[in-house]
Amino acid sequence: MNSSTGSTRGTDTVNGGISFWFAQEGLPEPREPLPGDRTADVCVVGGGYTGLWTAYYLKKAAPFLDIVVLESRFCGYGASGRNGGWLYNGIAGRARYAALHGHDAAVRLQQAMNATVTEVLDVLDAEKIDADQHRGGVLEVALTPAQLARLKEFHAAEHAFGEADREIYGARETAARVRVAGAVGSSWTPHGARVHPVKLVNGLRAAVEALGVTIHESTPVTEIRPQHAVTPYGTVRAPYVLRCTEGFTASLAGQRRTWLPMNSSMIATEPLTDAQWESVGWEGRETLGDMAHAYMYAQRTADGRIALGGRGVPYRYGSKTDNDGRTQPRTVEALRAVLTRFFPQLAGVRVDHAWSGVLGVPRDWCATVTLDRSTGIGWAGGYVGSGVATTNLAARTLTDLIRQDSGQSGPTDLTTLPWVNHKVRKWEPEPLRWLGVQTMYAAFRGADHREAATHTATTDRVAHWANRIAGR
């Protein structure tokens with residue numbers, strides 16, 4: 001995979017080449033493509049977190065299963081190798097699940113997500129996977145009166161869903177954790193950790209292969225139908241075929257409008273000096289976010305950089321996805337502006353790398369796990385950017401659904417969670433899909449600008465309208 005370079009403020013910034021995380025670790029040794037038609041007990045389509053975790057838990061639960069993973073490029077090529085490394089307890093769609101199934105059902109889902117953070121860290125320890133994991137929690141900051149009002153509402157909602165260990169801070173307490181310029185408050189949860197995304201992928205792949213799972217890379221699946229996964233090299237026939245393709249789902253036959261591939265972009269700075277880190281703080285290494293409508297996310301990396309992301313250009317017409325992670329120069333500049341707005345003292349810091357990737361967004365913004373018992377086709381995804389931990393819960397849930405369907409076990413706590421078998425309508429056809437997403441994010445950026453300029457404590461009306469139209 002070739003990387004290309006661009007220029008940012010007179011310095012060379014590597015742009016693309018999949019991600020900074022792959023640039024650090026190097027591309028993996030290629031696994032052989034599918035050699036021809038074959039059979040299996042379970043065929044997993046997609047070699048990202050969802051697919052690898054699912055193969056891991058299925059093989060641990062039932063070592064006799066013949067499991068094959070098919071990956072179009074190489075494991076971690078998609079969001080799993082490009083994300084911000086937020087292992088945290090957020091899950092898309094909780095409020096909707098509360099409305100559909102009741103508050104208690106949504107509380108159970110949130111409790112399962114809280115426990116998932118610990119589950120992932122425990123597996124990393126058990127499998128001796130070094131993914132630069134550090135459990136510092138998640139700190140989300142407010143920089144304007146309107147953001148502070150939303151922060152307080154958000155904090156109260158998290159408490160209402162059972163997160164009693166979440167804490168809220170004023171400006172002084174926030175600065176004691178991370179010195180974000182102009183921060184007027186923050187909310188912190190212990191249910192979060194920083195990870196290195198590619199180290200996590202590589203460790204999972206090794207653990208899965210050690211269990212006896214077969215992985216075929218460079219094997220794009222073009223069609224999934226009952227008990228069949230069709231590729232240019234042959235067809236895998238299996239009683240269970242699991243679609244674990246997240247933001248790349250639109251490339252499958254008949255799935256163009258199932259999940260929208262939303263773009264997210266990131267930058268990574270050069271390593272900061274000790275003096276620069278002294279000026280920033282961040283000794284707890286919390287993952288860092290904000291309460292803007294067009295929000296940011298960041299981590300302090302194990303080698304002393306800041307990796308920071310945001311939406312950039314949110315969507316490509318026709319649900320297209322990129323080839324090598326290259327992002328637009330204006331997006332790089334926009335992310336640099338976020339960095340220097342948060343930390344003005346870092347205005348001269350070099351941006352070493354920029355990249356982008358896609359995440360899966362359902363029409364109702366609800367993550368789901370499904371097993372169609374009539375066809376044996378299962379799927380999980382639609383994480384809307386919260387997939388580093390949610391993929392693990394989804395994989396364990398798929399495992400339990402398959403074991404229940406095959407008669408190996410009965411219902412479990414996971415198979416009765418409200419996101420199981422949730423049905424979502426498809427996205428609108430083009431050009432409505434493209435126009436809607438572009439308009440929504442333009443509205444969010446405009447709302448953030450007006451809230452910062454007016455210092456009003458009320459959320460901008462346009463943002464309310466955009467959220468309603470989007471179905472969030």
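This is a predicted model: local features need pLDDT of at least 70, side-chain atom pairs count only at pLDDT 80 or more; totals for chains, interfaces and linings use all residues.
User: Let's begin with helices. How are two packed helices described?

Analyst: Take helix H4 (residues 103-126) and helix H10 (residues 387-405) here. H4 and H10 pack at an angle of about 105 degrees, and their axes are 9 Å apart. That makes H4 roughly perpendicular to H10, because angles of 65 to 115 degrees count that way.

User: Which residues of H4 and H10 meet?

Analyst: From H4 come Leu109, Ala112, Met113, Thr116, Glu119 and Val120, and they meet Ala389, Thr390, Asn392, Leu393 and Arg396 in H10.

User: At what angle do H2 and H4 cross?

Analyst: Helix H2 (residues 49-61) and H4 cross at roughly 70 degrees, and their axes come within 14 Å. That makes H2 roughly perpendicular to H4. The residues that meet are Trp53, Tyr56 and Tyr57 in H2 and Glu119, Val120 and Val123 in H4. This contact divides into five nonpolar residues, no polar and one charged.

User: Now sheets. In what order do the strands of the six-stranded sheet lie?

Analyst: Read across the sheet, strand by strand. The order is S11-S5-S4-S15-S22-S21, in an open sheet with mixed pairing. Strand S11 (214-216) and strand S21 (368-372) are the edge strands, each pairing on one side only. From one strand to the next, the twist averages 15 degrees.

User: How many bridges join S21 to S22, and what packs on that sheet?

Analyst: Five bridges join S21 to strand S22 (residues 377-381), and the two run antiparallel. To find the pair on screen, look for Thr368, which stands opposite Gly381 in S22. H10 packs on this sheet, touching strand S15 (240-243), S21 and S22, and its direction makes about 20 degrees with that of S21.

User: Which strands stand at the edges of the four-stranded sheet?

Analyst: Start with the order, S3-S14-S13-S12, in an open sheet with mixed pairing. S3 and strand S12 (223-225) stand at the edges with a single partner strand each, so one side of each is left without a neighbour in the sheet. Strand S3 (residues 38-39) pairs with strand S14 (residues 234-237) in the parallel sense over two bridges, and Thr39 stands opposite Arg237. Strand S13 (residues 228-231) pairs with S14 in the antiparallel sense over four bridges, and a hairpin of two residues joins S13 to S14. S12 and S13 are antiparallel too, over three bridges.

User: How do I read the side chains of a strand such as S16: buried or exposed?

Analyst: In a regular strand, side chains alternate between the two faces of the sheet. In strand S16 (residues 260-269), ten of its ten residues are buried. Leu260, Met262, Ser264, Met266 and Ala268 point one way, while Pro261, Asn263, Ser265, Ile267 and Thr269 point the other way. S16 pairs in the antiparallel sense with strand S20 (residues 351-361) over ten bridges, and with S19 over four bridges. Ser264 stands opposite Gly357 in S20, and Ala268 has Ala307 in S19 as its bridge partner.

User: Which residues touch the most other members of the largest nonpolar core?

Analyst: That core has 66 residues, and those touching the most other members are Trp53, Ile67, Leu87, Leu200, Val361, Leu393 and Trp419. Beyond its close sequence neighbours (within four places), Leu200 is in contact with Tyr49, Leu124, Ala131, Val195 and Val388. Apart from that core lies another, of 28 residues, among them Ala183, Trp188, Trp277 and Val349.

User: Finally, where is Arg305 found, and why does it count as buried?

Analyst: Arg305 is found in the loop between strand S18 (297-300) and strand S19 (306-310). Arg305 counts as buried because its relative accessibility is 12%, and the cut-off is under 20%. Leaving aside neighbours within four places in sequence, its contacts include Phe20, Gln24, Glu270, Trp277 and Asp352.

Note on methods: Residues are numbered from 1 along each chain as its sequence is written. Side-chain values use heavy atoms; hydrogens and water are left out. Axes are lines fitted to C-alpha atoms, for helices over the stretch in contact, and angles run from 0 to 180 degrees between N-to-C directions. Angles under 35 degrees count as roughly parallel, over 145 as roughly antiparallel, 65 to 115 as roughly perpendicular and the rest as oblique. Contact means heavy atoms within 4.5 Å. Ala, Val, Leu, Ile, Met, Phe, Trp, Tyr, Cys and Pro count as nonpolar, Asp, Glu, Lys and Arg as charged, and the others, Gly among them, as polar. Two strands pair if DSSP finds at least two bridges between them. A nonpolar core is a set of buried Ala, Val, Leu, Ile, Met, Phe, Trp, Tyr and Cys residues joined through side-chain atoms within 4.5 Å. Buried means under 20% relative accessible area, exposed over 50%, partly exposed in between (1.4 Å probe, protein chains only).
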